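Please examine the sequence and the structure shown below. A short report on selected features follows them.

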Amino acid sequence: TCAVQVPSTGEIYFGTDGLGVIRMDPLTTRFEQMPFGLIADGVGAIATVPGAVWVGTDQTARRPGFTRVSEDLHDFTFEEGARVTGFNFHGVRALLWRGRQLWAATDAALWHFEPGGRVERLATGQGLPDEDQFALAQGPEGVWVGTVLGLGFVPDNGPAHRVTGITSPVLALSAANDSVWVGAANGLWFTWYGSTEAYAPANVTDDGTSTAPPIE
C-alpha cells in the first residue's frame with residue numbers, strides 16, 4: 001500500500017494490507033516482517049522486566065503466545081512457541097520473570113523459557129497437582145504455583161512437588177522472603193520454603209474443609 005527508503009542504508013519499508021510492515025534489505029534482497037503491537041488483543045497476564053513489559057494472551061486469542069513491549073512502546077517481540085505446533089494453551093492466567101526466564105501459568109500446564117530460547121513445559125506427571133493453573137509467586141529457591149487442585153512448588157534445582165493440605169483451587173499467591181500466603185477456594189493458607197504441607201491460620205474462620213492442622 002506504500003513504501004519508503006532509508007537514504008543512509010538503502011533499506012526499504014513496505015506498508016501492506018494485512019501483513020503489517022515489511023522490511024527489505026537491499027544487499028540480500030531479504031524480506032522481513034516487522035512485528036508491531038500485541039500478538040492478540042486479549043490480555044490474560046502481564047509481568048514487568050527491566051526496560052519492558054511481557055504480555056500473555058487470554059482465552060480469546062487465535063494466536064496464543066507472548067509479546068515483549070519495550071518501555072518506549074517502539075519495539076515488539078513475539079514468542080509463539082515451536083514453528084509447527086506453537087503453544088497449546090488457551091489462556092495465560094499469571095506471569096512472572098525469574099532470572100532470565102519468563103514463567104507462565106496457563107490452562108494447559110506451566111511454561112517457562114528464556115526469550116528466543118528453548119521452551120519448557122511442566123505437564124501432568126511432573127510433580128505439580130494439575131495442569132490447570134491460576135497463580136504464580138517468587139520463592140527463595142523456586143516458584144510457587146497455584147492450580148485447580150492445590151499448591152505446587154518448582155525448585156530451581158530438583159523436581160517439582162505438591163504441597164499437601166490444600167485440595168481446592170488456589171486462586172492467589174503472595175510471597176515474602178521464604179514464606180507464601182495462599183488464597184484458595186476454601187480459605188486462607190500459609191506455608192514456607194522447605195515445608196511440604198500448608199496450614200490454615202487458627203484465627204481465620206474455618207469452613208470445616210481444611211485437611212491440615214491449624215497454626216497455633
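The report covers strand arrangement, aromatic contacts, charged pairs and a surface patch.

## Basis of the model

The structure is a predicted model. Every value below is therefore to be read as computed from that model.

## The sheet from S1 to S4

Strands S1, S2, S3 and S4 form an open sheet in the order S1-S2-S3-S4, and their pairing is antiparallel. Its edges are strand S1 (2–5) and strand S4 (30–34), each of which pairs on one side only. From one strand to the next, the twist averages 25 degrees.

Within this sheet, strand S3 (residues 21–25) pairs with S4 in the antiparallel sense over 5 bridges. Across this pairing, arginine 23 stands opposite glutamate 32 in S4. The side chains of these two residues also meet in a salt bridge, at 3.4 Å from N to O.

## The sheet from S9 to S12

A further open sheet of 4 strands has the order S9-S10-S11-S12, again with antiparallel pairing. Strand S9 (92–98) and strand S12 (119–122) each have a single partner strand and stand at the edges, so one side of each lacks a neighbour in the sheet. The twist from one strand to the next averages 20 degrees.

Strand S11 (residues 109–113) and S12 run antiparallel and are joined by 4 bridges. Phenylalanine 113 stands opposite valine 119 in S12.

## Aromatic contacts

The structure holds 14 aromatic pairs. One of them joins phenylalanine 66 and phenylalanine 87 in an edge-to-face arrangement, with 5.3 Å centre to centre and 90 degrees between the planes. This pair links distant parts of the chain: phenylalanine 66 belongs to strand S7 (residues 66–70), while phenylalanine 87 is in the loop between strand S8 (76–79) and S9, 21 residues apart. Phenylalanine 66 and phenylalanine 87 are both buried.

Phenylalanine 66 also pairs with phenylalanine 113, in a tilted arrangement with 5.4 Å centre to centre and 55 degrees between the planes. Because phenylalanine 66 lies in strand S7 and phenylalanine 113 in strand S11, this pair ties together parts that are 47 residues apart in sequence. Phenylalanine 113, like phenylalanine 66, is buried. Ring pairs link Trp54, Phe66, Phe87, Phe89, Trp111 and Phe113 into a cluster.

## Salt bridges

A search of the whole structure finds 8 salt bridges. Glutamate 32, at 36% relative accessibility, counts as partly exposed. Both residues belong to a network of salt bridges that links Glu11, Arg23, Asp25 and Glu32.

The side chains of aspartate 132 and arginine 93 meet in another salt bridge, at 2.7 Å from N to O. Aspartate 132 lies in the loop between S12 and strand S13 (133–138), whereas arginine 93 is in strand S9, so the pair ties together parts that are 39 residues apart in sequence. Aspartate 132 is partly exposed, with a relative accessible area of 22%, and arginine 93 is also partly exposed, with a value of 31%. A salt bridge is also formed by glutamate 114 and arginine 100, whose closest N and O atoms are 3.0 Å apart. Here glutamate 114 lies in the loop between S11 and S12 and arginine 100 in the loop between S9 and strand S10 (101–106), so parts that are 14 residues apart in sequence are tied together. Glutamate 114 is partly exposed, with a relative accessible area of 33%, whereas arginine 100 is exposed, with a relative accessible area of 60%.

## A nonpolar surface patch

Leu38, Val43 and Ile46 make a nonpolar surface patch of about 260 Å². Valine 43 lies in strand S5 (residues 43–49).

Notes
Residues numbered from 1 in each chain as written. Predicted model: local features only at pLDDT ≥ 70, side-chain atom pairs only at ≥ 80, totals over all residues. Heavy atoms only, no water. Patch = residues over 30% accessible without salt bridge, like charges linked within 9 Å, V, L, I, M, F, W, Y side chains within 5 Å. Areas by Shrake-Rupley, 256 points an atom, 1.4 Å probe, with all protein chains shown as cover. Salt bridge = Lys/Arg side-chain N within 4 Å of Asp/Glu carboxyl O. Helix = DSSP H or I, 4+ residues; strand = E, 2+ residues; numbered from the N terminus. Pairing = 2+ DSSP bridges. Axes fitted to C-alpha atoms, helices over the stretch in contact; angles between N-to-C directions. Phe/Tyr/Trp six-rings, centres within 6.5 Å; stacked < 30°, edge-to-face > 60°. Buried < 20%, exposed > 50% of the residue type's maximum accessible area, 1.4 Å probe, protein only.
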